[in-house]
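Subject: Structure handover

Dear colleague,

Please find the structure below. My notes on what was found in it follow.

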Amino acid sequence: MAATAGGIMALSLFASCSPAETPSGGAAAGSTGSASATAEELGGTLALATTSDIGPKLFIEDFQEETGVTVNGTYAEAGALGEQLRIQITSGTAPDLFRSAPGYAAPSSVLNLAEEGALMDLSDQPWAANVPESFSRLQQLDGKTYAFPTYGQAILAFYNKAVFEEVGVEPPTTWSEFIDVLDQLKAAGKVPLALGLADNYVIQFLPYALSATLVNGLEPDFYDQLEAGETSFAESAGWRATFEQFLGLIEDGYTTPSPLGMPGDPAMQSVGNGEAAIVVMPSAASPVLAGFMEGGADQMGSFAIPATDSADETHIPFTPDFLVVNAKAENPDAALAFLEYISEPERTAAWAAEVGAIPALTNAEPLDNPLNQTVQPFLDEGRTTPFANHVWPGGQVATALMEVGQQAVEGSKTVDDLLQALDAAYQESMS
C-alpha cells in the first residue's frame, strides 16, 4: 500500500467556450466526423487508450448497444502510455481517442500535441461550455479547446480527525488560524505537518497549494506577463511569499523533523497512525491515506490550505485528466459521440466517483462525499487554479523547484536563489 501511495502521488503531478446546437468534428486536418451522427450512422470500431478501464467500463457496454460501435480499449500506466502514443502519432497509428496529460506536462500532453496539429479541435462540442475557465491554460491553444476533462483532483490538507478531536482544534480558514492550529498540535506532542521530502516530488505540494492563492488568486495576470517577458518569478511577490511561508513552516518546527530524510509514504503513514496530524497531497492519494487509518475514510478530513488572513481569497489547485481526439482518427464520429455520451452530468459524476476523484465539468452532479464537499464551494465560486507545473512549459521549471527547493530546505540556498533558478529554467524551456 505504501508503494501504491507514492506512485499515485507522483502520477498526480505528471475556459469556457460557447456551445453549438449542431456540433461538428472540428477543423483539424484529417477530421471529417460529426458528433451529431445518429446511432444508425455510427458503428465501426472506436480505438480507445487510457491509463485504466475503471472509469470507461461504466459506460462502454451501454454505449456499444446504443450506437453499434465496438470499443477496443487498451490500458497502460501513464508514462508507458505516453511513450507509446508518441510513437503511434509519428507513425500514424494512434488510437481515435486517448488520454493526454494537462498543458505541457509531458511530451504527449495536450498543448504539445495541439501545437503539432495532432489533435482535433473540440471547441464546438456541446460539453465545451461546461469546462471550468481555470482549465483554459491546460487545454486551449489560440482560443481553441482540444481536450475533454474526465475528472479532476485537488491538492488539499488531509488530516486525522481523531487527532484534531484529541487536541481540540478545527480546520482553519485563514493563515493565522492555520498557524494557531499548528501551534496547538505541536504543544500537544504531535507532528503538525507530515512532510516527506526524501521523495523530491513531494516538495511541490505545499508550494503549489500556497501559490494557488498567493499567485493565481492575487496575481491573476502573472503567467500572461511572464510569457510576455514583462515579469519574472524573482519579481513576483506571490511566489516570494509562497516560498517564505513554506520554508517558514519547516524552520519553525511545524513539520516532520529533518524532512529531507523522510520518504513520502512513511510521512503519510504517520498521519494514519496519529503520530502526525496533517499531510498536504493530491486528492488521488486520499484513499490510500484512509487505508492507513484505523477508522478508514470516516477518520479522514480535508480542508483547503489558506495562505492569507482573508478566507475569501483562498484558491485551491485543481487539475483535470483529459481525453483527446486524434486529428487523423479512423472513426472520428464514434470518438466525438463517446465524449458527448460521457459528458451527461450523471455520467461525469459516476466516472469521478468510480476513480475516487472530483467531477470536472461545471454541470456535473456534485458527489455527496466529504472530499467533494471540501472542493465544491471552490468550484462553484471559480476559486480553482491548475497545478503550477501543468502551466509551466516543459519540465525544467518543476525540476528546478525540486532540486533547488531541497537545497533551500537544507539551508545551502536562499529564497532568492530558488526564484532565480525558476527564472533560469523558464527561460531555458522557452528557448
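**Notes on the model**

Q140 is found in strand β4, residues 140-141; helices (H or I, at least four residues) and strands (E, at least two) are DSSP runs, numbered from the N terminus. This is a predicted model, in which local features need pLDDT of at least 70 and side-chain atom pairs count only at pLDDT 80 or more, while totals for chains, interfaces and linings use all residues. Residues are numbered from 1 along each chain as its sequence is written, and side-chain values use heavy atoms, with hydrogens and water left out.

Q140 counts as buried because its relative accessibility is 17%; buried means under 20% relative accessible area, exposed over 50%, and partly exposed in between, with a 1.4 Å probe and protein chains only. The side chains of Q140 and T145 are joined by a polar contact of 3.3 Å. A polar contact is a pair of N or O atoms within 3.5 Å; within protein, one must be able to donate a hydrogen and the other to accept it, and residues adjacent in sequence count only if both atoms are side-chain atoms. Between the C-alpha atoms of Q140 and V167, 27 residues apart along the chain, the separation is 46 Å.

**Strand β6**

In strand β6 (residues 148-160), 13 of 13 residues are buried. Two strands pair if DSSP finds at least two bridges between them. β6 pairs antiparallel with β10 (residues 316-325) over six bridges, and Y151 stands opposite D321 in β10. β6 and β8 also run antiparallel, joined by five bridges; V280 in β8 is the bridge partner of A157. With β9 (residues 300-303), β6 forms four bridges in the antiparallel sense, and N160 has M300 as its partner there.

**Salt bridges**

The count is six salt bridges, a salt bridge being a side-chain nitrogen of Lys or Arg within 4 Å of a carboxyl oxygen of Asp or Glu. One of them joins R99 and D321, with the closest N and O atoms 2.8 Å apart. This pair links distant parts of the chain, R99 in β3 (residues 97-100) and D321 in β10, 222 residues apart. R99 is buried at 10% relative accessible area, and D321 is buried at 12%.

E116 forms another with R86, at 3.1 Å between the closest N and O atoms. E116 lies in the loop between α4 (110-115) and α5 (136-139) and R86 in helix α3 (residues 78-91), so the pair ties together parts 30 residues apart in sequence. E116 is partly exposed at 45% relative accessibility, as is R86 at 22%.

R383 and E381 also meet through their side chains, at 2.6 Å from N to O. R383 is buried at 12%, whereas E381 is exposed at 51%.

**Cavities**

A cavity is a set of points, on a 1 Å grid over the protein atoms alone, where a 1.4 Å probe fits but cannot get out; lining residues have an atom within 4 Å of a point. The largest cavity holds about 50 Å³ of space. L193, A194, L195, V202, F205, L206 and V280 line the largest cavity. β7 (191-194) and α8 (205-217) each supply at least two residues of that lining.

The second largest cavity holds about 40 Å³. Ten residues line the second largest cavity, and G196, V202, G264, A267 and V279 are the closest to its centre. α11 (264-272) supplies the largest share of this lining, three residues.

Regards

Conventions: On a 1 Å grid over the protein atoms alone, a cavity is a set of points where a 1.4 Å probe fits but cannot get out, and a pocket is an open set with protein on both sides within 12 Å along at least five of seven lines; lining residues have an atom within 4 Å of a point. Grid points are joined across faces, edges and corners, and a volume is the space filled by probe spheres set on the points.
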